[in-house]
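Morning, everyone. Let me put the structure up, and then I'll walk through it.

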Amino acid sequence: MEELSYVGKSVTRKDGPTKVTGRAEYTVDVSLPGMLHGKVLRSPHPHARILSIDTTSAERLRGVKAVVTAKDSLKIRHGFVDTPRYPADQYPIAVDKVCHVGEEIAGVAAIDEATAEEALSLIKVEYELLPAVFTPEEAMKLDAPEIHPSHPKVQEPYKNIGGLTRTGWGDVDKAFNEAYLVREDRFVTHLRTHAYMEPQAIVASYDYSGKLDVWVSSMGTFLKRAKLANSLGLPFGNVRVHKTYVGGAFGGKVDLFSHEYIASLLSIKSHSPVRIVYSREEVFKGARHAQPLILELKTGVARDGTILAQQVRAINDSGAYRGSGVVVIFLAWGFLMVPYRIPNLKYEGYSVYTNNLVRCPQRGHGAPAMRFAVESQFDMIANELNLDPAEMRLRNARRPGEILPNEDSVKNFGLARCIEEVARRTNFVEKYKKAEEERSSVSTIKRGIGIGTCAYFGGSLVYPNSSSVIVKLTDDGSVLLITGAVDMGQGAETVLSQIVAEEMSVPVEDIQVYAADTETTCIDIGSWISGLTWVTGNAAKKAAENAMKKLLQVAAEELDTDPSELVARNKEILVRRAPDRKISYKEAIAASIAKKRGDSIIGEGHFRTMKDEPTHPSLATTKGRWSENYSSYAQVAEVEVDTETGAMKIIKVTTAHDCGFPFNPMLVEGQIDGQVSMGQGHALYEEVLSDEGAVINPSFLEYRIPCALDMVETDYIDVITEEYKKGTHYDTKEVGEGYVAGTIAATANALYNATGVRLDQTPFYPHRILERLEQIKNKER
Amino acid sequence: MKKKSKRLITLIVNDVEYEIATYPNRTLLEVLRDDLSLKGAKEACDDGVCGTCTVLLDGKPVRSCLLLAVEVQGKAITTIEGLSSGERLHPIQQAFLDNGAIQCGYCTPGMVLTAKALLDEKPNPTDDEIQIALSGNFCRCTGYNKIVKAIGSVSAGKEGGH
């Protein structure tokens, strides 16, 4: 293998100096001349018909420049999913009914926030209250209030069904009959949230030429453009979404949100720039949070712990509209079936409308819930059969080259190696046995160890499906890299620079990145679906190759040889066998301009995954290819539990990970650390609490996220399954989402190992642990 | 709601004196961001718990969202924009870069200033002391591991001294 100079190295962030000096401009920092401040009027009711809206007094208030309601809109529905089976179901501004507390009814733009706030209080809305329902299982009952009609293709006698995924293979009943042990368990996961530091924010500026300029905190500017243009009835080209730095997203800034639509509408009506920035309270009360799931698992195994069959029912509370509910019931199936072999499976997932806030993806999008359930039950089975939990996982882990039932290959799947290595590094078996022995000791501080695994997909086919990248060589051989990628902190711009540096033999410092702007850059898959490095990365590689081909052609003519005889090194092109015959990039570019009728050197590259597949798999049946790069990992958590207070601490998390080819090990570690921390918060104390659909802990005082004192020690083991060889594409896999899942699962199992407490519900609050400890004690008496 | 009349105040920010006419109910954060265009300090929680609005007041870290601008006249205010001077980044900033302590960067200015106040007072803090000092600055991206490491590396003089 040729020596790599830039990829595979812990290059420091391209945007680091800008960020560390406070100069990075986030959406909240954008200020335009004449900018107005927008505020949103929200429903105080979970379910109500809107009888009338009177905005007269608000419009008359001095300083108010525009008021908008549904009558100013085109009444075009939008949705996270918009397919023939699942057409868009949400108006960006409520038309005749509201379905959750906080639903957007009107918007006001005024000269300052206080005036806008005052104007909101002057809008009179008449409601007719409707009965509401707040849990999916209640909402499914036939006597529940109807929020939206059940999906026409769902024949089961349920109400409020937004979507159904049903799939499987083999004969589960036969396999359960033959199984040595069959367990049936039910797990419930809670409502958690992203807690991105930068709140939801947008500045929209419409001018008389018919153009809408937008700055918005997002995970992908091209998706925002498409959805804004569609819902406003503007040509795509008239909507320009600019680049801003993004203060964290974690899944919570994908899709179009009503306040973004309202800011745009206010700007169109007032012909002034309009800024809407959420308060933290508004983020909690009005933005979308993650997906809670109820999971019923029936698993049959052989005497040695080999899985024979699983039957799984997932119920998702999608909130007032579909949001990503019909995606999460599909994905939950994926996170169930990838890591371990399941010869017989029956899966059904229901997405159910309730009068709660709309849900959206969050880091893992279904994986944290599914892996918590599967991995917990796995340990319960291992305990019943007296098997080593790591060994039992190893027995079931898919091996490299296995073909999944959807015909995807897991290719160089490193899960088995991850399990082996993480168990070895942590002395898992020894510590596990020791903790079991010490469970009955007098000490009130118990230590425990637990393992969890997950596997993930990357870069699947979802709009805009592909990425394009352009590289331009400047006169002196430095490079402009033009990409639609949004760097929300994960390091996209740095990694893309490393790729171009490698392919063009130009130092990373000589590359300037122009990113994310929909007017001046190219379409990009976006910073979700865990595929930016894979999809945009390979587009960048192709663009670099394309430019180099042109440059080498000129150099060959100048050096009087064939391009195949040439090699590029640090902005110079040399004849391989006679390295003193060389030409600098600067000279070659000048020669191209002089002799090729002015051709400057520009390279273009395009990439999409699974290029022979027409589209994404069916959300309803799971048929169709899903991904061509599956990552995997095994994580071990070591915890300490105080049996007097029920308080649990995660001391250390060790991660063995297969992310394919790691482009930037320092960035990979950063992703893992962040997910361990998020997993810790979700496992132990973070929960969005609601009463009748209204969030009751809408601040960081009441929704606690981990602080520096809660820092978990982390350790990593690289299981590198893909090497990069020049000329082949880069095989990278996900590294930014699923580790939340592994951490929660490992923590649940470590809690059991330490105390004998098995919780079937997240988060693992001290009072829940104490209650179970009490039950265990009573049983022993 | 009738507004109170503005007052003329003098703030010393990053060694520069500014005369500002402002309402007495405005926070230091608002004045820094809206009047002086110093936008490194951010708002994120509205409750004074997250630390993204941290600036230094006579060298001590404070939450600029909880202070009124009129209260801090005559005191030396340092914002992230005043930390580096000349061609080089401040050693703490360099350490954040070198150790991968930055992801989305939204909390970074507040983190760096909190670290500066700590290191000015305690040039060689233990990891525990670093964690305690940072406990009022939230970061959702990094899990804090690399931030603590970065600050530790400055104190140990590995990044060219403090």
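I'll take the interface, then helix packing, then a few backbone details.

Ground rules before that. This is a predicted model: local features need pLDDT of at least 70, side-chain atom pairs count only at pLDDT 80 or more, and totals for chains, interfaces and linings use all residues. Residues are numbered from 1 along each chain as its sequence is written, with chains lettered from A and ligands numbered from 1 in the order in which they are written.

Interface. On chain A, 45 residues are in contact with 42 residues of chain B. Contact here is a C-beta criterion: two residues qualify if their C-beta atoms, placed from the backbone, lie within 7 Å. Which helices of chain A each supply at least two residues to that side? Helix 1 (16–20), helix 8 (280–286) and helix 17 (665–684). Helices and strands are DSSP runs, numbered from the N terminus; helices are H or I with at least four residues, strands are E with at least two. Helix 17 of chain A gives the most, with eight residues. By class, the side of chain A that touches chain B has 24 nonpolar, 13 polar and eight charged residues. For the classes, Ala, Val, Leu, Ile, Met, Phe, Trp, Tyr, Cys and Pro are nonpolar, Asp, Glu, Lys and Arg are charged, and the others, Gly among them, are polar.

Stay with helix 17 of chain A. It has 20 residues and reaches 28 Å from first C-alpha to last, close to the 28 Å expected at 1.5 Å a residue. The expected span is 1.5 Å times one less than the number of residues. Of its 20 residues, 18 are buried, so helix 17 of chain A is largely enclosed by the rest of the structure. Buried means 20 or more other C-beta atoms within 10 Å of a residue's own; exposed means 12 or fewer; partly exposed is in between; C-beta atoms are placed from the backbone.

One buried residue next. Val495(A) is in helix 14 (residues 492–504) of chain A. It has 25 C-beta neighbours inside 10 Å, so Val495(A) counts as buried. Beyond its neighbours within four places in sequence, Val495(A) is in contact with Thr533(A), Gly537(A), Phe663(A), Asn664(A) and Leu667(A).

Now packing in chain A. Helix 10 (residues 367–385) and helix 11 (residues 389–396) have axes that come within 9 Å and cross at roughly 115°. Axes are lines fitted to C-alpha atoms, for helices over the stretch in contact, and angles run from 0 to 180 degrees between N-to-C directions. Helix 10 and helix 11 of chain A are therefore roughly perpendicular. The cut-offs: under 35 degrees is roughly parallel, over 145 roughly antiparallel, 65 to 115 roughly perpendicular, the rest oblique. Phe378(A), Asp379(A) and Ala382(A) of helix 10 meet Pro389(A), Met392(A) and Arg393(A) of helix 11. That contact has four nonpolar, no polar and two charged residues.

Helix 11 of chain A also packs against helix 12 (residues 415–425) of chain A, at about 165° with axes 9 Å apart. That makes helix 11 of chain A roughly antiparallel to helix 12 of chain A. Helix 11 contributes Ala390(A), Arg393(A) and Leu394(A); helix 12 contributes Ala416(A), Ile419(A), Glu420(A) and Ala423(A). Five of these residues are nonpolar, none polar and two charged.

Over to chain B. Helix 4 (residues 127–134) and helix 5 (residues 145–155) of chain B have axes within 10 Å, crossing at roughly 120°. Helix 4 and helix 5 of chain B are therefore oblique to each other.

Last, the backbone. Most residues other than glycine have a negative phi, and most peptide bonds are trans. Where are the exceptions? Tyr463(A) to Pro464(A) is cis, with omega near 0°. Pro464(A) is in the loop between strand 16 (445–456) and strand 17 (466–473) of chain A. Thr762(A) to Pro763(A) is also cis, with omega near -10°.

Then positive phi. Ser505(A) has about 50° although it is not a glycine, and it is partly exposed, with 19 other C-beta atoms within 10 Å. Ser37(B), also not a glycine, has about 55°. With 10 C-beta neighbours inside 10 Å, Ser37(B) counts as exposed.
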